[in-house]
Amino acid sequence: MRPSPVGLLRRALAACWLRYRIREAIKDEEALQRQIKHDTKQADAYRGAIEAMRCELARLE
């Protein structure tokens, strides 16, 4: 028994929708990875600034 044309169309549309959702999820994941790298660099900068202030405080005391 052959599948109906409507059934085939539904399957094709469902596959297209899934491919679209996968592409969007990949884009979101890549954006999140970029944000994590940026946040890590920013945290490193803050740690460096804090350490410099601690050294300055130690020198003054």
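This is a short tour of the structure, stop by stop.

Before starting, note that the model is predicted, so local features need pLDDT of at least 70 and side-chain atom pairs count only at pLDDT 80 or more, while totals for chains, interfaces and linings use all residues. Residues are numbered from 1 along each chain as its sequence is written, and side-chain values use heavy atoms, with hydrogens and water left out.

**Whole chain.** Show the C-alpha trace. It spans about 90 × 10 × 10 Å along its principal axes.

**Surface.** The accessible surface is about 6000 Å², with 62% from carbon and sulfur atoms. Areas come from the Shrake-Rupley method with a 1.4 Å probe; for residues, only the protein chains shown count as cover. Buried residues make up 0% of the chain. Buried means under 20% relative accessible area, exposed over 50%, partly exposed in between (1.4 Å probe, protein chains only).

**Helix.** Colour by secondary structure. The chain has 1 helix and 0 strands. Helices (H or I, at least four residues) and strands (E, at least two) are DSSP runs, numbered from the N terminus.

**Isoleucine 26.** Select it within helix H1, residues 5-60. Isoleucine 26 is partly exposed, at 39% relative accessible area.

**Cysteines.** Select cysteine 16, partly exposed at 43%. Then pick cysteine 55, partly exposed at 45%. The disulfide count is 0, a disulfide being a pair of cysteine sulfur atoms within 2.5 Å.
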